[in-house]
Amino acid sequence: MVTRTVLTGLSGFMSLTTLTLATPAGSLSPLEWGGGPLTADALPRVTYTAHRGGALEVPENSMSGLVAAYERGTAQVIDVDTRILRDGTLVAMHDATLDRTTTSKGPVRSLTLRQWRQVRLRPGAGLPGSWRSERPPTVAEVLDRFGGRIVLMLEAKDPRSLRRLGSLIRARGLTRSVFVNSNEPGVALRAHRMGLLAQVWRSREQMRTDRPARWAGFVDVLDVDHKARDVDLLRAVNSGIPRVWAHTVTTPGQRDRALRFGCNGVITDAPGLLARTPVKGWPANLV
């Protein structure tokens with residue numbers, strides 16, 4: 001039996017929930033919510049998402065980093081970027097090339113799965129702790145490891161991969177447990193029509209002319225730039241879209257501003273920092 005204490009809510013106003021898990025110690029244990037997988041409906045009133053696993057705290061889009069984000073319990077959603085290889089395999093990678101985060105170079109989409117398995121990540125020198133070089137995971141591996149155990153956010157960097165991504169999600173019964181993210185409202189509409197949870201992110205420049213109320217019928221999460229103007233944040237919050245989360249937050253001050261404007265979640269590179277820093281001026285009964 002494994003006992004884990006899970007933090008829920010925001011730091012300073014968090015509740016501690018102790019879960020006893022009937023699985024061998026040392027394994028990645030599912031959080032059991034009823035008889036099925038953890039779904040978006042179980043998310044707290046204010047949600048933390050670990051952006052790329054929490055890229056200021058762990059190697060981004062790495063299996064060891066994602067496991068650390070999960071085990072630390074400082075976020076209720078884990079974000080992973082997805083790209084497609086030449087042979088149609090979906091993999092966890094933010095950039096279009098291997099150059100920045102791995103020991104290899106060249107475009108991701110030029111590789112086959114066999115070649116992908118030779119790639120090794122290069123953890124950032126400034127990360128806290130000690131991290132080994134490892135193979136970046138495929139999306140199927142991420143879904144098999146975390147699907148149903150925590151809510152996932154998968155960004156479709158290649159819109160043409162959406163059908164394949166949807167197939168992977170549906171095959172595992174995770175249509176209510178995975179947000180499919182894109183910068184393009186048209187892709188979000190396609191995801192919605194496929195029965196997936198649709199998310200759309202927008203930059204502060206795009207938000208100046210966006211009218212997000214037009215998307216309320218098919219967008220489950222509106223992912224807004226925390227640097228946006230006050231008026232643009234208010235327009236997003238009042239759009240009728242049920243979840244409005246601010247990206248990419250790295251400091252408590254950025255988080256607090258987004259929450260004051262009515263956002264009900266933050267997407268952060270530093271979930272551990274935010275989880276241990278209370279929100280200024282928020283009484284506990286509002287979280």
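**Exercise 1. Determine which element gives the largest share of the lining of the largest cavity, and describe that lining.**

Solution. Start from the definition: on a 1 Å grid over the protein atoms alone, a cavity is a set of points where a 1.4 Å probe fits but cannot get out, and lining residues have an atom within 4 Å of a point. The model is predicted, so local features need pLDDT of at least 70 and side-chain atom pairs count only at pLDDT 80 or more, while totals for chains, interfaces and linings use all residues. Residues are numbered from 1 along each chain as its sequence is written, and side-chain values use heavy atoms, with hydrogens and water left out.

Next, the count comes to 1 cavity of 30 Å³ or more, and the largest cavity has a volume of about 60 Å³, a volume being the space filled by probe spheres set on the grid points, which are joined across faces, edges and corners. Its lining consists of R202, M207, D210, P212, W215, L222, V224, D232, R235 and A236. Two or more of these residues come from each of β9 (221-225) and α7 (230-237), where helices (H or I, at least four residues) and strands (E, at least two) are DSSP runs numbered from the N terminus. The largest share, 3 residues, belongs to α7.

Finally, sort the lining by class, with Ala, Val, Leu, Ile, Met, Phe, Trp, Tyr, Cys and Pro as nonpolar, Asp, Glu, Lys and Arg as charged, and the others, Gly among them, as polar: the result is 6 nonpolar, no polar and 4 charged residues.

**Exercise 2. Describe how α3 (residues 139-146) packs against α4 (residues 162-171).**

Solution. The axes, which are lines fitted to C-alpha atoms over the stretch in contact, with angles from 0 to 180 degrees between N-to-C directions, lie 11 Å apart at an angle of about 25°. The helices α3 and α4 are therefore roughly parallel, a term for angles under 35 degrees.

**Exercise 3. Describe how α1 (residues 63-72) packs against α3.**

Solution. The axes of α1 and α3 come within 12 Å and cross at roughly 25°, which makes α1 roughly parallel to α3. Here M63, L66, V67 and Y70 of α1 meet E141, V142, R145 and F146 of α3, and the residues of this contact divide into 6 nonpolar, no polar and 2 charged.

Methods. Parallel < 35°, antiparallel > 145°, perpendicular 65-115°, else oblique. 1 Å grid on protein atoms, 1.4 Å probe; cavity = no way out; pocket = protein on both sides within 12 Å on 5 of 7 lines; lining within 4 Å. Contact = heavy atoms within 4.5 Å.
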